[in-house]
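Dear colleague,

I am handing over the structure below, and I would be grateful if you could look through it before reading on. My notes on what was found in it follow directly after.

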Amino acid sequence: MAKSLKMVFAVGDAKTTTLSLAEPKDGLTKAEVQTALDEMVGKQAITVGGAPITGVKDFYVLSSERSELA
């Protein structure tokens, strides 16, 4: 089963952008992710169309499974 960490950031007033990280480490905690994302926002480490991210809206791990068709 494939997993990805989805991170949703606020950009400006009403826009959002989502970044995905494939195969996050097992045992990753909410506190670890929140700390890292807050640091990214504080340092304006990511820009979208020249505008810096302004906050964290949501983050979660998405699991998906591929099934071959017969």
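**Charged pairs and exposure**

Lys-43 is exposed, its relative accessible area being 61%, where exposed stands for over 50% relative accessible area, buried for under 20%, and partly exposed for what lies in between (1.4 Å probe, protein chains only). Please keep in mind that this is a predicted model, in which local features need pLDDT of at least 70 and side-chain atom pairs count only at pLDDT 80 or more, while totals for chains, interfaces and linings use all residues. Residues are numbered from 1 along each chain as its sequence is written, and side-chain values rest on heavy atoms, with hydrogens and water left out.

Lys-43 is joined to Glu-39 by a salt bridge of 3.5 Å, N to O, and Glu-39 for its part is partly exposed at a relative accessible area of 44%. The term salt bridge is used for a side-chain nitrogen of Lys or Arg within 4 Å of a carboxyl oxygen of Asp or Glu, and the structure holds four of them. Another one connects Lys-3 and Asp-26, whose closest N and O atoms are 2.8 Å apart. That pair links distant parts of the chain, since Lys-3 belongs to strand 1 (residues 2–11) and Asp-26 to the loop between strand 2 (15–22) and helix 1 (30–42), 23 residues apart; helices (H or I, at least four residues) and strands (E, at least two) are DSSP runs, numbered from the N terminus. With 25% relative accessibility Lys-3 counts as partly exposed, whereas Asp-26, with 64%, counts as exposed. A salt bridge also forms between Glu-32 and Lys-25, at 3.8 Å from N to O; here Glu-32 is partly exposed at 37% and Lys-25 is exposed at 53%.

Apart from neighbours within four places in sequence, the residues in contact with Lys-6 (heavy atoms within 4.5 Å) include Asp-58, Tyr-60 and Leu-62.

**Sheet and core**

The sheet is open and consists of four strands in the order 2-1-4-3, with antiparallel pairing, two strands being taken as paired if DSSP finds at least two bridges between them. Its edges are strand 2 and strand 3 (47–48), each of which pairs on one side only. Strand 1 and strand 2 are joined by eight bridges, with Ser-4 standing opposite Ala-22, and the two strands form a hairpin with three residues between them, where Gly-12 in the turn has a positive phi of about 70°. Strand 3 and strand 4 are paired over two bridges, and Thr-47 has Pro-52 of strand 4 as its bridge partner.

The largest nonpolar core has ten residues, among them Leu-5, Met-7, Val-33, Leu-37 and Phe-59; such a core is a set of buried Ala, Val, Leu, Ile, Met, Phe, Trp, Tyr and Cys residues joined through side-chain atoms within 4.5 Å. Strand 1, helix 1 and strand 4 (51–64) are the elements that give two or more residues to this core, and strand 1 provides the largest share, four residues. In soluble globular proteins, nonpolar side chains tend to be buried together.

**Backbone angles**

Most residues other than glycine have a negative phi. Glu-23, although not a glycine, has a positive phi of about 50°; Glu-23 lies in the loop between strand 2 and helix 1 and is partly exposed at 48%. Gln-44, in the loop between helix 1 and strand 3, likewise has a positive phi, near 50°.

With best regards
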